[in-house]
Amino acid sequence: MLETLLPILIFSALALAALGASRRVRLWRQGRPSSVPILKGLAAMPRRYLVDLHHVVGRDKVMSNTHVATAGGFVAAAVLMILVHGLGLGSSESMGPILGGLLLAASAAMFVGSRFVARRRRNPPARLSRGPWMRLPRSLMAFSGGVFLATLPTLGLLPDDFGSGVLALMLAAVVVWGLGEMVFGMTWGGPMKHAFAGALHLAFHRRPERFSSKQGGRRSTGLKALDLDDETAPLGVGTPSDFTWNQLLGFDACVQCGRCEAVCPAFAAGQPLNPKKLIQDMVVGLSGGSDASYTGSPHPGKPVGEHYGTPYGPIVGLAGQALVDAETLWSCTTCRACVEECPMMIEHVDAIVDMRRHLTLERGQTPNKGAGVLDNLIATDNPGGFDPGSRLHWAADLNLPLMADVKQAEVLLWLGDGAFDMRNQRTLRALVKVLRVAEVEFAVLGTEERDSGDVARRLGDEATFQRLARRNIATLSKYRFQRIVTCDPHSFHVLGNEYGELAEPGIPAQYEVRHHSTFIAELYDAGRLAFAPWKGGRVTYHDPCYLGRYNGEYEAPRRVLKALGIELKEMERSGFRSRCCGGGGGAPITDIPGERRIPDMRMNDVKESGAGLVAVGCPQCTAMLEGVVDASAEVRDIAELVADALVEPPSVNATGSPREPVVKATAEEVL
Amino acid sequence: MQPEQQGLEVAVLVSVGRHPITGRARRAEQDARGVELALTLASELPGTRINVLHAGQQDINSEVALRGYLGMGLNSLTLLEQPEGSDAIAALAAYLTKALPPLVLTGTRAECGEGSGLLPYALAERLGWPLVNGLAAVETIENGVVTLLQALPRGQRRRLKVRLPAIVSVDEAGPVARQSAFGPARRAKFIVTSAIHEPDRELTQWHLAPARKRPKRLKIVKAASARDRFKAAASKAGGKSGQVLSDVTPEQGAVAILKLLEEEDVLR
Ligand code: SF4
Ligand code: SF4
């Protein structure tokens, strides 16, 4: 009986799955077009899965092994099952025993894997979703166990007449359950959907450049430009169908593992944003319906079940609620912690900025100080509305060489808007002192410099960003320099990673940009700087998001601190897991209330490390962390620490034997 | 709010503004507040049509500034095109006499050009319509009469009933203008009509120079405690010598003003 039943079951499950798949594909294709190489993507998929995805999953070793056993076992078991039971190769004289044996091994491996899945589900952490996810381990065991048992008679390990009794019927029922979850559920929206959508998402990812190649890991963090010349193109994303199809596909790949939720600073602060829920909201939007069936943690303060949406309906309600509330989108600091942790390589920040673009460019609904800041950027080229002519006032006594006078220099020192801020002016003055001692030939743009456009872009005002960027590019194109050095990681990121797309024929916009910590490390290695030994207390270092996760620079600041003679007390969350200071993405401007403040939490991290001083490398971080009341630690920029420790370099290096680079620091390098 | 007739038309006069620090063209503060009032009115009184009017030339600067108003959520703007140096009052008066919108909103003072703040008055005089300044809110419109809230110094408000058509000017007491969005601003259309060109003769005789900061009267507070300082800051400045004139003839009023100006050494 089993022998006749199994092929029918297998093929009907496959047929239903094919039907579900075509329905799911139709849902994704509601999105806007996006051209990705289909065949090349499919060919690259296995590598992206095995290398890039497992690089992220592998941060949790147990989970990674569990997944390898379960998923690997399943894929092998499914293929072999079709051959053995579906096509009846099990009864073939030559192939039967081999294939059957392999099938037993594969389903056994999967069974072991599912035991581990079950173990994690016994006391699931809050970040995991419940609901259908709670039955998944049992379904996995039903499938693997059912297939295992059903294969025994085929191999003659059980009597042939086993296949016709009541026991066989029960076994068939178990197999139906397993097939239902694993094959049918995969394309009809069950938990296994992540495997189907995830595989295709890896193949057709909107940022193919973020995957590693044989040459090594790569990074793709710059936001993509909106085409503003095409008046018919939508400005950002107002409805789920305004996303590109592969973005929708990406949302559908989410496994609700909640790793993003666990690292999100806005979520931790009790602001109404949970990146995992946001992605699930988009899944609700793309298929239409309400979020009532969501079983994970909500956006803090927003009960589940009150939001609903359709593929062509608004994401943020014009009046009242729709799919998500605007505060949710404006809570994000664009720190990229979620993207860094997401095993499915989902791009939360892209999606959030896309939706913000719609709110700002189409609806004029940038909250709180947002509209004023954008007006200032338009009228005065800086967010504070200061007189652009006063950009260099802090350096009135420093006699900084101006690019307009010297026309060329080795280093162009990019000041950033911190030039208007009295706290950051101290950092800038320290940096100038360091450059002078190291005899670096540098110049500044002075009043020709404008805001880099970082804040405008992250507040969704792509038009103002592009205007500022184009003007800066035109200014930069007038002068010759080898590299740009800046103490502002936001300017660093925008100049280095986001201007390139705006290059025009004859005006390239590719710059070699260095964070001041990188540049100081180079100067030190070249023997152009020497430091007095450190006499202060314990020090920790806060990785700015836009330097670390956005640009992969974890090492240079640590090298500089080491060169200063400082032994770092690392915070628990540092390096690629550094927790945001709360200052990015215009978050201090939109200022969405929460239960706690993000910088307070970060200062608490500093306190727990036992350090009395936190070294930073970003004007935003400095401002946010210094704004913490009753802080236990002092906040100093790396440039200030370096400037204070300067002593005459030994024999000022006329003959110059460059120092050996200091030993690599401990921060883990990521893709 | 009871709409007496559906489809009230509100005309808003807008000018090209100028940022006080950089001098870049932008939507003018007060005019934008006028547009804001009109938009609020339109959302409360269904059927209200807003006609935004600008008299002047069309160039890159004015386009940037005028689109600033359009981005607040307007579909179009009527541009009464005239060459530089033309008298806007003549063009606006001619247009308004024909279009006869019951309610005209305008900023109090332009941010560039003469900026004398006389336009609302000159326009009201030509049209023979009443003028109210310092509009804070439009409350109701009933039977051709509008009930307005007028802003007086130090946060005081006065309710006025005015027969339409009327011109109402808006200053900093009006509601803050909403954000201007790029998309709607880009899509909105200019409806260009050429207007009468009457050169502004007076302007040609003027000598223009950058304004100097005007001296401010110092309020000297001798206070011993924080409480006293707060009381002094919150109290009316120089309220002792003020006087309210009511039921006086225009002549008596003028004499009183002249006397005050002489006392204050403004006129010698
Ligand atoms: S970028 Fe940072 S703040 Fe935004 S959702 Fe991701 S983790 Fe949260
Ligand atoms: S978005 Fe990524 S990290 Fe977040 S729950 Fe989904 S799969 Fe996990």
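A residue is called exposed when its relative accessible area is over 50%. I begin with that cut-off because N143(B), at 60% relative accessibility, counts as exposed. Please bear in mind throughout that the model before you is predicted.

Let me stay with N143(B) for a moment. This residue has a positive phi of about 50 degrees, although it is not a glycine. N143(B) sits in the loop of chain B that runs between β8 (135-142) and β9 (145-151).

D265(B) has a positive phi of about 65 degrees, and its place is in the segment after α8 (250-263). With a relative accessible area of 47%, D265(B) is partly exposed.

The peptide bond that joins L164(B) and P165(B) is cis, with omega at about 0 degrees. P165(B) belongs to the loop between β10 (157-163) and β11 (166-170) of chain B.

I turn now to the aromatic side chains. How many aromatic pairs does the structure hold over all chains? There are ten aromatic pairs. One of them is formed by F184(A) and W188(A): their ring centres are 5.7 Å apart and their planes lie at 20 degrees, so this pair is stacked. F184(A) is partly exposed, at 32% relative accessibility, and W188(A) is likewise partly exposed, with a relative accessible area of 32%.

Together with L16(A) and L19(A), F184(A) and W188(A) make a nonpolar surface patch of about 350 Å². Of these residues, L16(A) lies in helix α1 (residues 2-28) of chain A and counts as partly exposed at 41% relative accessibility.

Two further rings in chain A have a charged residue over the face. K277(A) lies over Y294(A), at 5.4 Å from the ring centre. R336(A) lies over Y550(A), at 5.6 Å from the ring centre.

Finally, the cysteines. How many disulfides does a search of the whole structure find over all chains? The search finds zero. C545(A) counts as buried, at 7% relative accessibility. C260(A) is buried too, with a relative accessible area of 7%.

Thank you for your attention.

Terms used:
Residues are numbered from 1 along each chain as its sequence is written. Chains are lettered from A and ligands numbered from 1 in the order in which they are written. This is a predicted model: local features need pLDDT of at least 70, side-chain atom pairs count only at pLDDT 80 or more; totals for chains, interfaces and linings use all residues. Side-chain values use heavy atoms; hydrogens and water are left out. Rings of Phe, Tyr and Trp (its six-membered ring) pair if their centres lie within 6.5 Å; planes under 30 degrees apart count as stacked, over 60 as edge-to-face and the rest as tilted. Buried means under 20% relative accessible area, exposed over 50%, partly exposed in between (1.4 Å probe, protein chains only). A charge sits over a ring if NZ of Lys or CZ of Arg is within 6 Å of the ring centre and within 35 degrees of the ring normal. Patches are made of residues with over 30% relative accessible area and no salt bridge: like charges are joined within 9 Å, nonpolar side chains (Val, Leu, Ile, Met, Phe, Trp, Tyr) within 5 Å. Accessible areas come from the Shrake-Rupley method with a 1.4 Å probe; for residues, only the protein chains shown count as cover. A salt bridge is a side-chain nitrogen of Lys or Arg within 4 Å of a carboxyl oxygen of Asp or Glu. Helices (H or I, at least four residues) and strands (E, at least two) are DSSP runs, numbered from the N terminus. A disulfide is a pair of cysteine sulfur atoms within 2.5 Å.
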